[in-house]
Amino acid sequence: MTAKTRRRTVKDPISTAWKYSTRLTAAELADIVTPVRACLAAAAAGVATELQHLVLNTQTILAMEIERTRIVRGLAGHIAQAQTALESWELRATASGAWLPAALEFAEQDALATFVDLHEFQLQQLSAGEIHRASQRMIARAQSAGGQVVHVAQELLSTAQQQKQGVSA
């Protein structure tokens, strides 16, 4: 009976329960989805920047991470179609060696629009804590693979704002 036992520290159980049982409010959901829809609109118009492509790609990775949690399942096929659309769009946009805005083809636009709608549904089903956990796992996977994590202000997602600030994508 001399074996040491670890004491587990428990965080405030009320705040922990609150975090993992509350869903996002409409405003919080809009904070996530509105920039994604703006990036999709820029892509459909053929004026999207590389940063806007990155935002859409990141959302597909997050959606796949949520799919892995098995909380909301059955969207893997749609997510894969969106990722394929993003890859082919990126190949066209970077064909010259640098990013040049390229318009989405109809099938790509359809796949991405469907994905954004389904991803919004996916986010509506999760608690704030579950979204946070999925985001942290996504970030950890990217960093362990040698990738970088970049936090982008919503203002930088506007094509006009990027051109005004001289941000090249």
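The legends below describe close-up views of a predicted model.

Local features are reported for residues with pLDDT of at least 70, and side-chain atom pairs only at pLDDT 80 or more, whereas totals for chains, interfaces and linings use all residues. Numbering starts from 1 along each chain as its sequence is written, and side-chain values use heavy atoms, with hydrogens and water left out.

**View 1. Overall fold of the protein.** The secondary structure consists of seven helices and zero strands, where helices (H or I, at least four residues) and strands (E, at least two) are DSSP runs numbered from the N terminus. Of the 169 residues, 31% are buried (under 20% relative accessible area; exposed is over 50% and partly exposed lies in between, with a 1.4 Å probe and protein chains only). Among contacts (heavy atoms within 4.5 Å) between residues at least 6 apart in sequence, 71% join residues at least 24 apart.

**View 2. Packing of helix α4 on helix α5.** The axes of α4 (residues 76–93) and α5 (residues 106–125) come within 8 Å and cross at roughly 135 degrees. Axes are lines fitted to C-alpha atoms, for helices over the stretch in contact, and angles run from 0 to 180 degrees between N-to-C directions. The angle makes α4 oblique to α5; angles under 35 degrees count as roughly parallel, over 145 as roughly antiparallel, 65 to 115 as roughly perpendicular and the rest as oblique. The crossing is left-handed, meaning that the near helix is turned anticlockwise from the far one by less than a right angle. Residues in the contact include A85, L86 and W89 of α4 and L112, F115 and L118 of α5.

**View 3. The largest nonpolar core.** This core has 34 residues, and those with the most contacts inside it are L56, W89 and L112. A nonpolar core is a set of buried Ala, Val, Leu, Ile, Met, Phe, Trp, Tyr and Cys residues joined through side-chain atoms within 4.5 Å. Two or more residues come from each of α2 (26–45), α3 (50–69), α4, α5 and α6 (128–144), and α2 gives the most, with seven. Not counting residues up to four places away in sequence, L56 touches V36, C39, L40, L86 and W89.

**View 4. Surroundings of A103.** A103 lies in the loop between α4 and α5 and is partly exposed, with a relative accessible area of 44%. Leaving aside residues up to four places away in sequence, A103 touches A43, G46, W89 and R92. A103 and A48 are 55 residues apart in sequence, and their C-alpha atoms are 8.2 Å apart.
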